[in-house]
Amino acid sequence: MSTSLDLDEFPHTRYNPLKDEWVLVSPHRMKRPWKGQVEASKNPNSLRFDPTNPLCPNVTRPNGQTNPDYKETFVFDNDFPALFEYSEPTEEPKSSNDPIGDDLFKVQAAKGSCKVMCFHPYSDLTLSTMKQNDIVNVIKKWIEMYKDLSTKYNWVQIFENKGEIMGCSNPHPHCQVWASNFIPNEINREGKNQFEFYKKHGKVMLVEYLNRELASKERIVVQNDSWVVLVPYWAVWPYETILLPKRHVTRIDLLNEKEIELLAEIMKKLLIKYDNLFKCTFPYTMGFHFAPCGKYLDEPQEHWQFYASYLPPLLRSASVKKFMVGYELLAQPQRDLTPEKAAAQLRELSDSVHYLIQSDTSDY
Ligand code: H2U
């Protein structure tokens, strides 16, 4: 990008076209002395099986149900769901009721399905230390769940909260899947902005964006034949990344076998890099965004591009996190480290040798 601004030195704001919002970048602040606390990193969970953990195989959950002796993934209905399913099984997304009320007091019934998915029977593994084949199983299960939920609900959010710092309640490798009759705010916003871009340029925003990133190389972290991980130009969190396919894919169930295989490969590579960054089991929230489903399956959604977003909170060490507080909550997000520097740091880290396992971990 040609600009007279020195983006490495001077404060500037960057535009996020996906969210239609700006982020303040203050690179000069990286030079200030740091007197904050730096704690030693906690050892990751080393217990393979814990009979008191409700996500482990063969354990009876507090609701009285016993988990099967699962060997790969295991999915169950969340015992404490944020949403309740349609009361009538015949209800469909098309008949989802519209909001009622006026401009000041609007309300709409929220229906949905909340599932928990265990990635693996062993509690001491994470996606970064699981075998690539086991990650392929996880992706295939996501697709299966999506296919089932996408006919009944208008949106399916697959997400993983990892680490206590991110509010994750259980060290066992797992994620959640929430399907809803309504389109959540972030999806609504991204859908509108991608649609406007498509109308204006006749191009898919994130396909075009990736082409530009591949040409510049500045923010690329790792890539393979089907996927690219990069720190977005408009990243908010210090080591935030976006994982994009190299072709236009509107929904998760449209990924082919090779893309699924290579998605598992690149996810593992990125997560090994993340763990190696501060030598800890790296916390984050991750999830997928793609075209909505349900009643939108009948509508053109070509403006959408499938992607995964990784949002890690850490800033300087295993325990020093970036706080999204005062200015961020009241005005707009702000960061010190530039996305280019974050990408360079992540790029240099090994994507095959995990700091805890001093050998090639691809077949751990
Ligand atoms: P988190 O770690 O992201 O909080 O996800 C764990 C989910 O598992 C959480 O939503 C559910 C919690 O409600 N859960 C059950 O459904 N049953 C249990 O016995 C334990 C946890």
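Biologist: Why is Trp 155 called buried?
Modeller: In this predicted model, Trp 155 has a relative accessible area of 1%. Buried means under 20%, so Trp 155 is called buried.

Biologist: How do you know whether Phe 290 is buried or exposed?
Modeller: Its relative accessibility is 0%. The cut-off for buried is under 20%, so Phe 290 counts as buried.

Biologist: Why are Trp 155 and Phe 290 called an aromatic pair, and what makes the pair tilted?
Modeller: A search of the whole structure finds 18 aromatic pairs. In the pair of Trp 155 and Phe 290, the rings are 5.4 Å apart centre to centre. Centres must lie within 6.5 Å, so the two rings pair. The planes are at 45°; stacked needs under 30 degrees and edge-to-face over 60, so tilted is what remains.

Biologist: What parts of the chain does the pair of Trp 155 and Phe 290 tie together?
Modeller: Trp 155 belongs to strand 7 (residues 155–162), and Phe 290 to the loop between strand 12 (284–289) and strand 13 (307–311). The pair therefore joins parts that are 135 residues apart in sequence.

Biologist: What makes the pair of Trp 227 and Phe 306 edge-to-face?
Modeller: The angle between the planes is 65°, with 5.9 Å centre to centre. Edge-to-face requires over 60 degrees and pairing requires centres within 6.5 Å, so both conditions hold. Trp 227 is in strand 10 (residues 227–230) and Phe 306 in the loop between strand 12 and strand 13, 79 residues apart. Both residues are buried.

Biologist: Which residues do ring pairs link into a cluster with Trp 155 and Trp 227?
Modeller: The cluster also holds Phe 119, Trp 142, Tyr 146, Phe 288, Phe 290 and Phe 306.

Biologist: How do you know that the charged end of Arg 14 sits over the ring of Tyr 233?
Modeller: The charged end of Arg 14 is 4.5 Å from the ring centre. The limit is 6 Å, together with an angle within 35 degrees of the ring normal. Arg 61 likewise lies over the face of Phe 76, at 3.9 Å from the ring centre.

Biologist: Why is His 174 called buried?
Modeller: The relative accessible area of His 174 is 9%. That is under 20%, so His 174 is buried. His 174 lies in strand 8 (residues 174–180), and an unreviewed UniProt entry lists His 174 for "active site".

Biologist: What does the side chain of His 174 reach at 2.5 Å?
Modeller: The side chain reaches the backbone oxygen of His 172. Leaving aside neighbours within four places in sequence, the contacts of His 174 include Phe 119, Glu 160 and Cys 168. Phe 119 is also in the ring cluster.

Terms used:
Residues are numbered from 1 along each chain as its sequence is written. This is a predicted model: local features need pLDDT of at least 70, side-chain atom pairs count only at pLDDT 80 or more; totals for chains, interfaces and linings use all residues. Side-chain values use heavy atoms; hydrogens and water are left out. Rings of Phe, Tyr and Trp (its six-membered ring) pair if their centres lie within 6.5 Å; planes under 30 degrees apart count as stacked, over 60 as edge-to-face and the rest as tilted. Helices (H or I, at least four residues) and strands (E, at least two) are DSSP runs, numbered from the N terminus. Buried means under 20% relative accessible area, exposed over 50%, partly exposed in between (1.4 Å probe, protein chains only). UniProt positions are given in the numbering used here, feature names are shortened, and annotations may be inferred rather than shown by experiment. Contact means heavy atoms within 4.5 Å. A polar contact is a pair of N or O atoms within 3.5 Å; within protein, one must be able to donate a hydrogen and the other to accept it, and residues adjacent in sequence count only if both atoms are side-chain atoms.
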